[in-house]
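Hi there,

Here is the structure I promised to pass on.

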Amino acid sequence: MDQSPSLAQSSPTVGTVRECDGALEWSGRQETVRIEPWGPDAVRIRARIGGPLLDGLPGALTDGPPGGSFSVKTEQGAGVLVNGAITAEIGAEGLLRFTATEDGRELLAEERAHFWWPGSRLYTPNGNGYHRLEQRFAAYDDEKLYGLGQHQHGLFDQKGAVVDLIQRNAEVGIPVLTSSRGYTLLWNNPAIGRVELARTGTRWVADSARQIDYWITAGAPAAAQQRYAAVTGRTPMLPEWAAGFWQCKLRYRTQEELLSVAREYKRRGLPLDVIVCDFFHWTHLGEWKFDPAEWPDPAAMVGELEELGIRLVVSVWPSVSPLSENHRPMEQRGYFIGTEYGPTAHADWPDKEVAEPVQVAFYDATNPAARDFVWSRVRENYLEPYGIRSFWLDACEPELKPGFSANLRYHAGPGLEVGNLYPRENARTFYEGMLAAGEKEVVTLNRSAWAGSQRYGAALWSGDIGTDFATMRRQIAAGLNTALSGIPWWNTDIGGFHGGDPEDEAYREVMIRWFQFGALSPLMRLHGFRDPGMPLGPSMTGGPNEVWSYGERAEEVLSWYLGLRERLKPYVLEQMRAAHEEGLPPMRPLFLEFPDDERAWEIADTYLFGPDLLVAPVLEAGATSRAVHLPAGVRWTDAWTGEEYEGGRTVTVDAPLERIPLFLRDGAELPITG
C-alpha cells in the first residue's frame, strides 16, 4: 500500500497528549480521551465529545479504583501508561493500543472504520448531548471470545456473533468479554445497544449515551476474573441452606398444597432445603402480601417449614396493578418508571377480581425512594410478621410489553441510556433492605442481571426455556458464559420450563439427565410449567413436578442425586467461598484452569465444578456413553470406576441412564459414590 503523504491522511486529527493526575489525556477536535489505572493490571478508558468528561454516570465499576503501582510518560505527541501486566498506548491521532507489558504482544487495538471518517470512535448526535456511540477495535482471526452474560444461541465462543445488549426473558446482557488473546474487557455502559464480534472488526454500540467508558485488564482468564470481580464487587458468601436442593413448580396454589409437598419429601426421607411460593399468591399484583383465601396462616406455614428444616422463598414481582392499594401513592410520588409518550403503563397482566388483563406499571428500581417504598411493603408483609427472608425476583428485566426502551424515563436517566441497570438495582432493593433490617444473609433468585448484580446477593437462573435435550445443551454454554460475566450463583429450571409431560418416557429421560446436571450446578433447583398446563391467570397451575412425579425408575435416580448433592455440600460451599473471597466462579470453563490446553478453549459441553471435579453431562437422547476431553497436565480419575487417565486426551466412558460422567483431578477425593 502506498504510504506516501496524501490528502486522505490529513483527515485524522492530530491532538495533544498530557499527563493529568496520574492519568493520560488526549484532546483533539473537541474530543477528550482519558486513560487511567483502575486496579492492578487494568486501565479504564473514557471518551467524550463536546465537553469535559463526566463523572458519576451509571455504570458497573465500584467507587474509586483500587490502588496499584503504575507509570505514565508522554513524548513526541504520544503517551504510554504502564500498570502491571497491561500497557496502554495512545498516539498523536488518538488511536489506542493495549499490549502485554511482559513481551509487548498486542492484546487489542482500536481500528478506524475508514481512512477518512469515521475513526475508531463515532459519536452520532441524538440531541441534547446524547449520541449513538460506537467503539471499534481490530479483529483477530485466531481470537476466541467469551462472556456477555447469558444467551440462548448455544455458542460458547461468541466470535462471529452479534449480541444485543438488552435484558429479555432468558437473554441476559452483561457487557464483559474474556479473550483468548489474554485480556478481559468490560463495556462500562448500561445503555441499550449491541456488540458485533465480526471477522472484519469488533464494534460496541450504545444507542444513546453521553460518553464511551470501558475497562480492560491483561492476564490469564482466572486472574482476569479475580480482577473483574474486585472492581465490580464480589458476591457475598452463599449461606449453607442455599447450597442444597430447591423444590419449585408453577405453581403451588394454596398453603396446604405447598405444605403437603414439603411433608412428603420428609416422609420419604429426601433432602429438601428450599421450597418456593410462586406468583399469584398475592391479593393483587404489587400489593406484595399473601391472599388469605389461599394462604390463611402464613406464620403457621413458615413455622412448620422451619421445623422441617426448609426455607420458604416467596416470589416478588416489580410490577404494580392499578387494582393494588399501592398503585395510587406510588404513581403520585413518581415511583414508577416514567414514559416519554402515553400513560405510565408498561405491560398487560392478569390480576384477581378482573376478567381481562390490566395495564400494570413497573416501579423504578433506579430511584432510591422507590426502592425504599417497595422494601417497606415487603418488610411489613413478609419479613416482620412471618420471618420470610428469601425472595424470588421474577420478571425483573423488566418484562415490558412491548419492549420499547426508548419510551422509558428512569430516575437514573433515559431508557436507552440506563435500561440495562434495572435487574441489578431491583436486587439492590432487597440487599440493602435486608442489611438495614439486621439480616446478614441475602440471597435473591433473579431472572435477569447486569454487571455488578453479584455484589447484591443475586442468583441468576436461565429463564423460561424449553424442555428438550437441545435446550439443555444450550444451558451449558449459557452457564459458562454467565460464570465468565461475574455471576457465580447460577442455575436452570431443572427439566426446562415450557411443558414436559411427566408421563412421557422420552421426557422422563430428559428430566433424569437434566437433574444430574442440576445436582452439579452452582444452585440446584427443580422448576417448570409441566403438562397439563392451564391458561395464564390467577387460578393457573401446571402438572406435578416432584421427584416422585416421573415414575419409579426416575424417582430412584433423582433421589440418588439428591443424596449426592448433600454429600457434596461441603465442597460446594468451598467453591462459594472462593467466589466470595477471590472472585472465581464454581462453574468453570476448562480453560479457566487449563489455559495452555488449546482444546480446552473449544469445549462447550463439559465444565469444571470447582478445581477438582470435571462434569460431562449427557446431552443426547438414548446415549449410554460419552466422549470426554480431559485437559492436559494432570491425571484424571473416573469417579465411578476408579480408572486413571493422563490428561491431554479424549476418552469415551460408559454413561448409563443413572450415571453422569465425572472425573477427579490429581487424586482429589470427593464422596461421589457414597
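By class, the lining of the second largest pocket holds nine nonpolar, six polar and five charged residues, and the pocket's volume is about 450 Å³. Please keep in mind that this is a predicted model.

The largest pocket has a volume of about 570 Å³. It is lined by 28 residues, and the closest to its centre are Leu 57, Pro 58, Gly 59, Leu 61 and Asp 63. The elements that supply two or more lining residues here are β4 (42-49), α5 (368-386) and α7 (422-436), with α7 giving the most, at three residues. The lining of the largest pocket divides into 10 nonpolar, eight polar and 10 charged residues.

Three strands form an open sheet in the order β22-β25-β24, with antiparallel pairing. Strands β22 and β24 stand at the edges with a single partner strand each, so one side of each has no neighbour in the sheet. Strand β22 (residues 319-320) is joined to β25 by two bridges, and Val 320 stands opposite Ala 361 of β25. On the other pairing, β24 (residues 347-349) and β25 share three bridges. There, Asp 348 stands opposite Gln 359, and Trp 349 has Val 358 as its bridge partner. Strand β25 (residues 358-362) is largely enclosed by the rest of the structure, because four of its five residues are buried.

Finally, the cysteines, in case you were wondering: how many disulfides does a search of the whole structure find? The search finds zero. For Cys 248, the closest cysteine sulfur is that of Cys 277, and at 9.3 Å it is too far for a bond, since a disulfide needs the two sulfurs within 2.5 Å. Cys 396 is in no disulfide either, as its nearest cysteine sulfur, that of Cys 248, is 15 Å away. Cys 248 is buried, at 0% relative accessibility, and Cys 396 is buried too, with a relative accessible area of 0%.

Best wishes

Key
Residues numbered from 1 in each chain as written. Predicted model: local features only at pLDDT ≥ 70, side-chain atom pairs only at ≥ 80, totals over all residues. Heavy atoms only, no water. Buried < 20%, exposed > 50% of the residue type's maximum accessible area, 1.4 Å probe, protein only. Pairing = 2+ DSSP bridges. 1 Å grid on protein atoms, 1.4 Å probe; cavity = no way out; pocket = protein on both sides within 12 Å on 5 of 7 lines; lining within 4 Å. Points joined across faces, edges and corners; volume = space filled by probe spheres on them. Nonpolar A, V, L, I, M, F, W, Y, C, P; charged D, E, K, R; others polar.
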